[in-house]
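Reader: Hello! I am new to this structure and would like to learn how to read it. Could you show it to me and then take me through some of its features?

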Amino acid sequence: MIDRLEKEVDMLERHLQVLKMVIENEPIGIVKMSNETGYPHHKVRYSLRVLEEENLIEPSSQGAIKTERTAEFVDELDDKLDDIMDKLDGMKIEDVAEIEG
């Protein structure tokens, strides 16, 4: 149950790392991103495809570049992540008396 969530968080972390690289280095290609992050080319390519589907980046002849929507997404990101972390904190089962077995 938690394993799936952990995998999704890892994938989101990769997508956001790729997005950050595009923002800071546009235009940037797959090979450079792969070399700098250590992620295999196919994982970088998948992250770029997801980001493109979300209209956060677009391809150019020289590599990936940000879109008009990128800044808005980045501005909202921290608040969304804070909301998710609050929700996860509320799910903790730490104050329950010792569970009898």
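Author: Gladly! Let us begin with a term: a pocket is an open set of grid points where a 1.4 Å probe fits, with protein on both sides within 12 Å along at least five of seven lines, and its lining residues have an atom within 4 Å of a point. Please keep in mind that this is a predicted model.

Reader: What is the general idea behind the probe, and which residues line the largest pocket?

Author: Rolling a probe the size of a water molecule over the atoms shows where empty space is left. In this model, the lining of the largest pocket is formed by Leu5, Val9, Leu12, Glu13, Leu16, Phe73, Leu77, Lys80, Leu81, Ile84, Met85 and Leu88. The volume of this pocket is about 270 Å³.

Reader: Which helix gives the most to that lining?

Author: That is α4, with 7 residues. Both α1 and α4 (68-90) supply at least two residues each. Sorted by class, the lining holds 10 nonpolar and 2 charged residues, and no polar ones.

Reader: Now to helix packing. At what angle do α1 and α2 pack?

Author: Helix α1 (residues 2-25) packs against helix α2 (residues 30-37) at an angle of about 120 degrees, and their axes are 11 Å apart. Angles of 65 to 115 degrees count as roughly perpendicular, and α1 and α2 are therefore oblique to each other. Their crossing is right-handed.

Reader: Which residues of α1 and α2 meet?

Author: On the α1 side they are Gln17, Val18, Met21 and Val22, and on the α2 side Met33, Glu36 and Thr37. This contact of α1 with α2 comprises 4 nonpolar, 2 polar and 1 charged residues.

Reader: And how far apart are the axes of α1 and α3?

Author: The axes of α1 and helix α3 (residues 41-53) are 9 Å apart, and the two helices pack at an angle of about 80 degrees. That makes α1 roughly perpendicular to α3. From α1, the residues Met11, Arg14, His15, Val18, Leu19 and Val22 meet Lys43, Tyr46, Ser47, Leu48, Val50 and Leu51 of α3. By class, the contact of α1 with α3 has 8 nonpolar, 2 polar and 2 charged residues.

Reader: Is the crossing of α2 and α3 right-handed or left-handed?

Author: α2 passes α3 in a right-handed crossing. Their axes come within 9 Å and cross at roughly 115 degrees. Ile30, Val31, Met33, Ser34 and Thr37 of α2 make the contact with His41, Val44, Arg45 and Leu48 of α3. The residues of this contact of α2 with α3 are 5 nonpolar, 3 polar and 1 charged.

Reader: Let us turn to the backbone. Is the peptide bond from Glu26 to Pro27 cis or trans?

Author: Here is the general idea: most residues other than glycine have a negative phi, and most peptide bonds are trans. In this model, the bond from Glu26 to Pro27 is cis, with omega near -15 degrees. You will find Pro27 in the loop between α1 and α2.

Reader: What about Asn55: is its phi positive or negative?

Author: Asn55 has a positive phi of about 60 degrees, although it is not a glycine. Look for Asn55 in the loop between α3 and β1 (57-60).

Technical notes. Residues numbered from 1 in each chain as written. Predicted model: local features only at pLDDT ≥ 70, side-chain atom pairs only at ≥ 80, totals over all residues. Heavy atoms only, no water. Axes fitted to C-alpha atoms, helices over the stretch in contact; angles between N-to-C directions. Helix = DSSP H or I, 4+ residues; strand = E, 2+ residues; numbered from the N terminus. Parallel < 35°, antiparallel > 145°, perpendicular 65-115°, else oblique. Left-handed = near helix turned anticlockwise from the far one by under 90°. Contact = heavy atoms within 4.5 Å. Nonpolar A, V, L, I, M, F, W, Y, C, P; charged D, E, K, R; others polar. 1 Å grid on protein atoms, 1.4 Å probe; cavity = no way out; pocket = protein on both sides within 12 Å on 5 of 7 lines; lining within 4 Å. Points joined across faces, edges and corners; volume = space filled by probe spheres on them.
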